[in-house]
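This report looks at selected side-chain interactions and at one helix. The sequence and structure come first.

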Amino acid sequence: MSTESYNNESILNEEIKEWQKKNRIDHMTYLPDMEVLHSDIQDRVIKAMESYDYDKYTEADVKSALAHENRSPEDFAALLSPAAMPFLEEMACMARKETRRYFGNSVNLFTPVYISNYCENFCIYCGFHCNNRISRAKLGEEDIEKEMRAIAKSGLKEVLILTGESRKMSDVKYIGEACKIARKYFKAVGLEVYPMNSDEYAHLHRCGADYVTVFQETYHTEKYETLHLAGHKRIFPYRFAAQERALKGGMRGVGIAALLGLDDFRKDAFATGMHAYLLQRKYPHAEISFSCPRLRPIINNNKINPMDVHEPQLLQVVTAYRLFMPFAGITVSTRECARVRDNLVNIAATKISAGVSTGIGGHADETEQKGDSQFEISDGRSVDAVMKDLLRLGMQPVMSDYLYV
């Protein structure tokens, strides 16, 4: 380790200690401005995860799970266990069959557009965290319009709006105006922003937003506390219930994910699946989708993979999601390289991003990137390149699968 790297790491450790002293709040207690739903889903998911002993499952359990047409949570648990690893090829073949059954050979395309990277949270694995020394920026309405116009020229009909988690710098009104602008150019508008109350989600839905994605990061509550040192994101139950509040606010769809590698990936994947399963049963009209992000290096910290998840494990998670909830969408982002993404869309994934920039601005020639990226991407292909590769695989790129009448 170089002297500079050692000094930077020492400074970060001291900052963490100071933040822990000054900003210690109970990570399981709602703050006064946070809406409480009194839902039982969190308790059921955490109880199921804590009792999940994946080492108890056997080859016979996996074979039994694969033999079932409709798979139970117990089957899902078996498919995520180490005992299922020798069955990956069979799982992949069955997952591909289920994907074709419910989605044909279509793959939805979209791109994320980051409009602000200001953040009030201290999450030690994220490039946007408030104590990271990065270039901060926020796009005004004129630049947002330029970004949307430039993305629309690529042929895309769906966009995902992202911000850092700062209510001060990216309030609900600001995000709402971005949704209104996006709606002029796109048939589907998604949001990946800080969790909100249901009335705020209702406002954003009226502004044009269709769905909301929230990463729980990890479902292990004690681990969650050690990773989220300050800010609203520290409050575990408020983040957990974000998807349910979004559905109550009128959103037609929600995305669910754990950030694989932060903790025991099998338990986190199992909790993610149970979260989606229980939401779907409670809100049968909702479009539920999975993301399966793995940790990526960030600015000023390239050692954030303490529990690395390799490609076979990623394939196991994705195929288990598909076999458990065959009708759910699965998104694969540019955290993964082109080869991995192409393999996954040929097996189980139904949605893929293209022409991606995780910095602030950069899609339009006249709006060069103004702020630093959240993480390093692995697949820098253009929209046209992704489309050509999908066609080469025998897949059908779809720009939009939803029409308002």
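The sections below cover the basis of the model, a helix, salt bridges, a lysine and the aromatic rings.

## Basis

This is a predicted model, in which local features need pLDDT of at least 70 and side-chain atom pairs count only at pLDDT 80 or more, while totals for chains, interfaces and linings use all residues. Residues are numbered from 1 along each chain as its sequence is written, and side-chain values use heavy atoms, with hydrogens and water left out.

Helices (H or I, at least four residues) and strands (E, at least two) are DSSP runs, numbered from the N terminus. Buried stands for under 20% relative accessible area, exposed for over 50% and partly exposed for what is in between, with a 1.4 Å probe and protein chains only.

## Helix α15

Helix α15 spans residues 383-392, and its buried residues are V383, V386, D389 and L390. They lie on the same side of α15 because they cover an arc of only 130 degrees around the axis, taken from the directions from the helix axis to the C-beta atoms. An α-helix has 3.6 residues a turn, so residues three or four places apart point the same way.

The buried residues of α15 pack against β1 (106-116), α14 (338-345), β8 (351-353) and β9 (396-398); contact here means heavy atoms within 4.5 Å. Exposed residues K388 and R392 sit on the face turned away from the buried side. Just after α15, G394 has a positive phi of about 85 degrees.

## Salt bridges

The structure holds 26 salt bridges, each a side-chain nitrogen of Lys or Arg within 4 Å of a carboxyl oxygen of Asp or Glu. One of them joins K351 and E158, with the closest N and O atoms 2.3 Å apart. This pair links distant parts of the chain, since K351 is in strand β8 and E158 in strand β2 (residues 158-163), 193 residues apart. K351 is buried at 16% relative accessible area, and E158 is buried at 3%. K351 also lies over the face of F110, at 5.3 Å from the ring centre; the rule asks for NZ of Lys or CZ of Arg within 6 Å of the ring centre and within 35 degrees of the ring normal.

D210 and R252 form another salt bridge, at 3.7 Å from N to O. D210 is in the loop between α8 (198-207) and β4 (211-217) and R252 in the loop between α11 (242-248) and β5 (253-258), so the bridge ties together parts 42 residues apart in sequence. A network of salt bridges links R341, D342, D379, R381, D389 and R392.

## Lysine 233

K233 is found in the loop between α9 and α10 and counts as buried at 7% relative accessibility. Its side chain meets that of E217 in a salt bridge of 2.6 Å, N to O. A polar contact of 3.2 Å joins the side chains of K233 and Y125; the term covers N or O atoms within 3.5 Å, and within protein one must be able to donate a hydrogen and the other to accept it, with residues adjacent in sequence counting only if both atoms are side-chain atoms.

## Aromatic rings

There are 14 aromatic pairs. Rings of Phe, Tyr and Trp (its six-membered ring) pair if their centres lie within 6.5 Å, with planes under 30 degrees apart stacked, over 60 edge-to-face and the rest tilted. Y30 and Y238 form an edge-to-face pair, 6.1 Å centre to centre with 85 degrees between the planes. Y30 is partly exposed at 25%, whereas Y238 is buried at 4%.
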